[in-house]
Structure formats: C-alpha cells, structure tokens
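Student: I should like to learn how to read a structural model step by step. May we work through one together?

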Amino acid sequence: MTSADPGDRLTRTESRAVRARSLTLLRDLLRPHTRLLTGSAALVVTATAGQVAGPALVAATIDHAIPALDQGNSRPLLVYGVLLVVAATAAGLANGAYVRAAATISQAVLLDLRRRVFRQTQRLSLEFHETYTSGRIISRQTSDLEALRELLDGGLTGVVANLLTMTFTGVGLALLDWRSAVVLAAAMAPAWLLTRWFQRRSQVFYRRQRTASARLIVQFVETMTGMRAVQAFRREAHTEREYGRYATAYRDANLDTFSLNGRYQPGLVLIGNLTVAAALAYGGWRVLHGYLAIGVLVAALLYVKRFFAPIQQIGMFYNSFQSATAALEKLSGLLAEEPTVVEPARPVPLPAARGDLRLDQVTFRYPRGPVVLPDLDLHIPAGQTVALVGTTGAGKSTLAKLVTRFYDATSGAVLLDDVDVRDLAGADLRRNVVMVTQEAYLFSGSVRENIALGRPGATQAEIEAAARAVGAHHFILAMPEGYDTDVNKRGGRVSAGQRQLLSFARAFLADPAVLVLDEATSSLDIPGERLVQRGLKTLLAGRTAIIIAHRLSTVAGADRVLVMERGRVVEDGTPTELITAAGRYARLHAAWQDSLV
Ligand SMILES: Nc1ncnc2c1ncn2[C@@H]1O[C@H](COP(=O)(O)OP(=O)(O)O)[C@@H](O)[C@H]1O
Ligand SMILES: [Mg+2]
C-alpha cells in the first residue's frame, strides 16, 4: 500500500517538484506551532548540553577537586558537585518538557493532516473518485498517516536529540582532548560504511516487507468481499493456499529485516568497543608519560562510548523516515488535487427552478477516454417525464451525470431554466436537481434519518407522508422499531428493493424541480415494481423527470421516449408514436410484450 507503484517512476525534475510539494505541506502544517517549535528547540539544546556537561565535570572533579581536597580545600569539590547535580537536573527537566512539547506538536500536526485528507476527499469531484481507486484513498487515510504517526511518535524527537548529542559530544571531546577526538574520527569511517550498508539493504528489505503486507491485506479483503463467490465456486482451498503463500512471504520479509538488524547492531557495538579500547590504549600511554590528566581520560572515554549509541538509533530510524517521506509525498499529492467541477465565483441565484432543461451542443469525454457524447442538442420542457432507453454503454448515465453536474460538459452547455448549471451555486443546484441511482445508499442511522436527508429539518408528518407517497410506509411500520429502526442493526436490514423505496421517499421529501432516476427500479422484482409504479407516479407528478430504465414497464407512463445509441439520440417521440414508427423502440417494445405472455 505504501510501496511505490511501478507506474509512479518519476523524472528528476518531477521528483524535485514532489519533494518541494511535500516540504511546502510540512511547512504549512508546522506554521501554527512556530512558537512551541522554537521553545522545544531551546529545550532540547538545554537537555543535551546538560547531559554532555556531565563527563567534563567528572574530569574537573577528578583532576582538580580531588587533589584540592587532598590539600584540605573542599570548596572545588562542593562547586563541581553542585554543578553536576544542577546539570543533571536541568537536563532531566528540559528533556521531559521537550518530549511533551514535541508530542503536542506532532499530535496536532497529525490531527490537522487527518482532517485535511478527509475534507479533501469530500471536496474532490466524482471524476477523481471514479479514477483514484478507493483502495488507494483508503491507504492514504490509513497506512500513510500511520507511517507519519510512527515517525513522529516513535523516533523523530529521539533522533533530533541524538544528532545534537553526537554534535555536542564530538565538540566537547575535541575541546577536552583533540587527540582522542582524532581516534574517534578515525572510527567514524567503518561506522559510516556499516551504516550505509545497513541503510541500502534495509531499504530493499523494508520495501519488500511493505509490499508483502500490502499483498496480504489485498488478498484478505478480496476474499472477504467476494466470500459469496468464493463459497459458491468452492474456491476455499485455493484462496487458503494463496493466503498461506502471502503470509509466509510476509513472515520471511519480517525475518529478513530482523536478521539485518541482527548484523548491524552488533557490528556497531563492536566498532564502538574497539574505539573505546583504542582511545584507552592511546590515552593510557599518554597518562603514563604525564601528557594527559587521568580525569580527562575518563571523560574522553565516556564521550567516545556515548557517541555510538545515537548512531545505532539513527540507523534504525532511517527506515521509518523513508516510509514517512514516501507517505508525505503521496499525501501532498492527494491534497494538491483540484476539484474538476468548481463552484462559480459569482453564482446566479435560482432558489426555485421551474425545471426547464436544455442541452446546448454538448460534447463530452471522460479524461483520457474517447468521446462519449459527440454533439447533443436536447430540450426537455418543465414538467415533462422523459424515458431514456438504449443499450448498455450508450451514454445514458453520462447524460444523467451532466444534468446533475457531477461532471462538466467538455464543450457546450447544460442549462436549467436558461441558466448554465456552471453558474449555479452548488446548494441551489442540489436543491433543484436530484438523482436517484441503483445503489440507493443508506447511511448508518434510523430509517427516519435516512429519509430526512432529503430535507433536513423535515417533521415526522412530512417524513411519513413521503414514505406513504412512494409506498414505503407499510414495510417501515413492519420493522422492529418502525421509523426508528437502525438500518444497520439486526432486524433493520432492508432488501435492495426496500432500499430503493427509501431513496424514493428521500427524493420525494426533497421535492426537486428535476428528478433523474438512473436504473433506480432495477433492483425491484416485477411485483415490487408494480407496487412502486404507483409511488413513482406520485413521485414524478409536477416535475421534470428523466428516467433511465431497463424495464419498459417503468417507461410506459412517460410523456416522451428517447432512444440513445453511441451517445446520440436516435429516436425521440411519445411511446405511441415510436411504436407506430416501427424503429428500435418498437422492436424493444414488441420483445418486451412477448416476454410478458
Ligand atoms: N468514469 C468513467 N471513466 C471513463 N469512461 C467511462 C466512465 N463511465 C462511463 N464510461 C464510458 O462511457 C460510455 C458510456 O457509459 P454510460 O454513460 O455509463 O452508459 P450507459 O449508462 O448508457 O450504460 C461507456 O463506453 C463507458 O465505458
Ligand atoms: Mg448506466
């Protein structure tokens, strides 16, 4: 999921642009926390300085305070003792405050980012959602945010402190005894090589681990969502074998990363210990010959030893840093997407439309697709019920999406009451034009709430009237808690047909001037559809309607029939006219009548 798609390979300039985009996002996210950020920088510097002062104070105590005490002067010991306590306390307090401040910032950043991603996915047009698969959106909201959380929670603050510790320790050592610093610098070469080796290998291993985990999840989700097909076609053994294979690959990938860590860490510890030994040998020789104070040697050894622990942590941190960078790049890409259907800057007000629809030389193609509607001129006067029929892929749903402005025409215009729909405010458009589709989506909540979506604030009487009008009232009353039944709870489960009736009730309550039904009755059985016919009549009365339907029974009551072929209207007339004209509609109609006997 977080693994790079092979199709995502970028050129040098493109990846520079991507990096710039993520940095801008990062800066944007951090801007509100500038003061806290500055404060925590001061805290971490204090904490590290306090820590690094320790060995230097130990050196001074050994070399000055103890000899002074020997001569009866206890003042230096007292001074250094107090300084040691102060340094340790300051370091501890500052470190605690720093960790809390860093956590506050990172949690605020994550919260902000999470909400931005959600807001953005709702803001983007249908076009985006029809091309960017839901799997990808889900990984943005889950594994990408998770990778950032891991980085922020689990390491970033530590790494900042570690880098500072290394710098301060190196400088402290150089000031204290530059010869030991040279020994340490010499040891940096193998440590650096080992760390580079580790980073290179682990990059490969971690990517393999992420890919393996993504495969495992995808396979699991596919099996679960397709469980009916799996069981119907007796695929259980096959899917289980496949799952076993992916799970094994995931285990192997995990073991590989562990064994890599198992070589890196001891290697670094070995280099560290050898360096301490070398510094001790060299320093000891100098102490013996009187070139170096013993206290300085002790402090130098403490510094050398301390220098290595952070390298190890930074090496391990590298992987989560890489995943988090990749995640941030993908998130910034999502956040940079712009809606294709935009609100007009100065909308034309249209509180209550009559419902006159006009398509003026409309051409349409989906992005990167062929032309779906070559050139459509169509006028639907207010109040007319139009049935739209035609083979699958003729462009009926596309026409519906243009009229409801889920997409904009590539050229030409869609006009409602002679106003270009692109000049209407989203709220006006959605109030005047409503689409009901086959999916008839229900939100978790009660039946009442689901119907009330049509008109927020509707009274119980209005909701009930809407349900009665479309013929849904009786089955709702038969549910365990009537209108208060939760549609996702036991006993609240509704059939596909009942779901469609509920979405009709919702549309009835919304009372739009234009209603578009795209295959909205196709989940109903024939008796179910008969029942709906009456409801449908009430629903359509007094408004402009476009009904896209497979079953001609739904079409029978229409004022006008349009037959579409390859994006063109090939027949246009009243049902009776078209039957006598003996064209496509007449053939469809004859076939349908035959099927009834
Ligand atoms: N989101 C989309 N992206 C690209 N092409 C699409 C999309 N939706 C539909 N199409 C294509 O547009 C044509 C018309 O589709 P559609 O309007 O759904 O037909 P109908 O509803 O009449 O069955 C088809 O060739 C289909 O493949
Ligand atoms: Mg369709």
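Student: Which residue in β2 stands opposite leucine 357?

Tutor: In general, strands of a sheet pair through backbone hydrogen bonds, either parallel or antiparallel. In this model, which is predicted, leucine 357 faces isoleucine 380 of β2. Strand β1 covers residues 357-365 and β2 covers residues 371-380; the two run antiparallel and are joined by six bridges.

Student: How many residues lie between the strands in the hairpin of β1 and β2?

Tutor: Five residues separate the strands there, and arginine 368 adopts a positive phi near 60° in this hairpin.

Student: In which sense do β1 and β4 pair?

Tutor: Strand β4, residues 411-416, pairs with β1 in the antiparallel sense, over five bridges. As an example, aspartate 360 has alanine 413 in β4 as its bridge partner.

Student: In what order do the strands of the open sheet follow one another?

Tutor: There are four strands, in the order β2-β1-β4-β5, with antiparallel pairing. The edges are formed by β2 and β5 (419-420), each of which pairs on one side only. Two bridges connect β4 and β5, and leucine 415 has aspartate 420 in β5 as its bridge partner. When you inspect such a sheet, recall that in a regular strand the side chains alternate between the two faces.

Student: Let us turn to the ligand. Which residues are around ligand 1?

Tutor: Among them are Glu130, Tyr366, Val372 and Tyr407, together with Thr391, Thr392, Gly393, Ala394, Gly395, Lys396, Ser397 and Thr398. Helix α10, residues 396-403, gives the most to this shell, with three residues.

Student: Which atoms of glycine 393, lysine 396 and threonine 398 lie by oxygen atoms of ligand 1?

Tutor: For glycine 393, a polar backbone atom is 2.7 Å from a ligand oxygen. Lysine 396 places a backbone N or O atom 2.8 Å from an oxygen of ligand 1. Threonine 398 instead uses its side chain, with an N or O atom 2.4 Å from a ligand oxygen. Ligand 1 taken alone exposes 560 Å², of which the protein buries 62%.

Student: What does the domain assignment give for the protein?

Tutor: The assignment gives domain 1 as 15-336 and domain 2 as 357-596. Their C-alpha centres are 56 Å apart.

Student: Over which residues is the pLDDT below 50?

Tutor: Where pLDDT is low, the predicted coordinates should not be read in detail. The mean pLDDT of the protein is 87, and 96% of its residues reach 70 or more. Over residues 1-7, however, the value is below 50, and this stretch has 15 contacts in the model beyond near neighbours in sequence.

Note on methods
Residues are numbered from 1 along each chain as its sequence is written. Chains are lettered from A and ligands numbered from 1 in the order in which they are written. This is a predicted model: local features need pLDDT of at least 70, side-chain atom pairs count only at pLDDT 80 or more; totals for chains, interfaces and linings use all residues. Side-chain values use heavy atoms; hydrogens and water are left out. pLDDT is the predictor's confidence in each residue, from 0 to 100. Contact means heavy atoms within 4.5 Å. Two strands pair if DSSP finds at least two bridges between them. Domain bounds come from an automatic or database domain assignment. A residue is near a molecule or strand if one of its heavy atoms lies within 4 Å of it. A polar contact is a pair of N or O atoms within 3.5 Å; within protein, one must be able to donate a hydrogen and the other to accept it, and residues adjacent in sequence count only if both atoms are side-chain atoms. Accessible areas come from the Shrake-Rupley method with a 1.4 Å probe; for residues, only the protein chains shown count as cover.
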